[in-house]
Amino acid sequence: MRLAELTTLEVPTREDGSFEHAVVNLTDKELFDYPFVYLIEPGRLMFEEKEIEPLRQYLLRGGFMMVDDFWGEAEWQNWEMEIARVFPPEEYPIVDLPLEHPIFNIVFHLEEKPQVPTEWFWTRSGGQTSERPDSGEVHYRGIYDKEGRLMMVICHNTDIGDGWEREGENVAYFNAISAKKAYPIGINIVVYAMTH
């Protein structure tokens with residue numbers, strides 16, 4: 001809904017006016033019908049062997065993946081180990097995305113890399129954004145293909161999706177987190193993925 005409201009992208013809707021989305025497995029042939037996929041909570045993810053090649057082919061053939069909602073060094077190490085099975089780092093390294101990268105500027109100009117906590121944590125911590133002792137620094141990283149196309153944005157030590165899911169639960173959270181952090185970075189990532 002916010003993507004349709006705040007951008008000129010044509011967002012598919014159903015006959016009843018609701019917005020289309022799909023849940024797909026990496027082994028579904030329908031995966032290749034979608035130019036953008038969103039993977040959450042990969043901190044304990046373990047790819048099945050049969051998922052590795054379809055994901056690799058999906059991304060190398062022009063698909064884009066946004067990875068979100070994992071915190072701390074242990075979860076990062078797990079993700080790094082699992083994605084190396086898809087893209088060996090000597091061939092496709094994970095790189096930090098600088099604040100000058102278009103994902104921070106393409107629609108909304110962001111002054112910082114946003115860290116989005118859950119509404120529950122933000123409210124109970126008095127407005128803190130780092131949910132764990134080892135998650136103080138938010139990271140936006142990526143993997144590029146051989147032609148220099150960004151195939152994947154990896155959002156670590158943040159949960160951008162919570163700013164979308166929880167916007168109606170707390171007006172203060174909506175104003176401070178959803179409107180100023182979660183929607184701007186999410187919209188920037190989607191617009192970038194759909195236009196590059």
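Reader: Which residues are exposed on the other side of helix H3?
Author: In this predicted model, a residue counts as exposed when its relative accessible area is over 50%. On the other side of H3, the residues that count as exposed are Ala74 and Met81.

Reader: Within what arc do the buried residues of H3 fall, seen down its axis?
Author: An α-helix has 3.6 residues a turn, so residues three or four places apart point the same way. In H3 the buried residues are Gly72, Glu75, Trp76, Asn78, Trp79, Glu82, Ile83 and Val86. Viewed down the helix axis they line one face of H3, because they fall within an arc of 160 degrees.

Reader: How far does H3 reach from its first C-alpha to its last?
Author: Helix H3 spans residues 72-86 and has 15 residues, for which 21 Å would be expected at 1.5 Å a residue.

Reader: Which strands and which helix do the buried residues of H3 pack against?
Author: The helix that these residues pack against is H2 (49-60). The strands are S1 (36-40), S2 (64-68), S3 (94-96), S4 (139-144) and S5 (150-156).

Reader: How many of the residues of S5 are buried?
Author: Strand S5 is largely enclosed by the rest of the structure, and the strand pairs with S2 in the parallel sense over three bridges. The antiparallel pairing of S4 and S5 runs over six bridges. The count of buried residues in S5 is seven of the seven.

Reader: Which residues of S5 are the bridge partners of methionine 66 and tyrosine 144?
Author: For methionine 66, the bridge partner in S5 is valine 153. For tyrosine 144, the bridge partner in S5 is leucine 150.

Reader: What is the phi of glycine 148 in the turn between S4 and S5?
Author: Strands S4 and S5 form a hairpin, with five residues between them. Glycine 148 lies in that turn and has a positive phi of about 90 degrees.

Reader: How many residues apart are arginine 56 and glutamate 91?
Author: Their side chains meet in a salt bridge, at 3.4 Å from N to O. This pair links distant parts of the chain, with arginine 56 in helix H2 and glutamate 91 in the loop between H3 and S3, 35 residues apart.

Reader: What is the radius of gyration of the chain?
Author: The chain has six helices and five strands, and its C-alpha trace spans about 45 × 45 × 30 Å along the principal axes. Among contacts between residues at least 6 apart in sequence, 70% join residues at least 24 apart. For 196 residues a compact globule would have a radius of gyration near 16 Å, and the value for the chain agrees with this, at 17 Å.

How values were computed:
Residues are numbered from 1 along each chain as its sequence is written. This is a predicted model: local features need pLDDT of at least 70, side-chain atom pairs count only at pLDDT 80 or more; totals for chains, interfaces and linings use all residues. Side-chain values use heavy atoms; hydrogens and water are left out. Helices (H or I, at least four residues) and strands (E, at least two) are DSSP runs, numbered from the N terminus. The expected span of a helix is 1.5 Å times one less than its number of residues. Buried means under 20% relative accessible area, exposed over 50%, partly exposed in between (1.4 Å probe, protein chains only). The arc is that of the directions from the helix axis to the C-beta atoms. Contact means heavy atoms within 4.5 Å. Two strands pair if DSSP finds at least two bridges between them. A salt bridge is a side-chain nitrogen of Lys or Arg within 4 Å of a carboxyl oxygen of Asp or Glu. The radius of gyration is taken over C-alpha atoms; the globule rule is 2.2 Å times the number of residues to the power 0.38.
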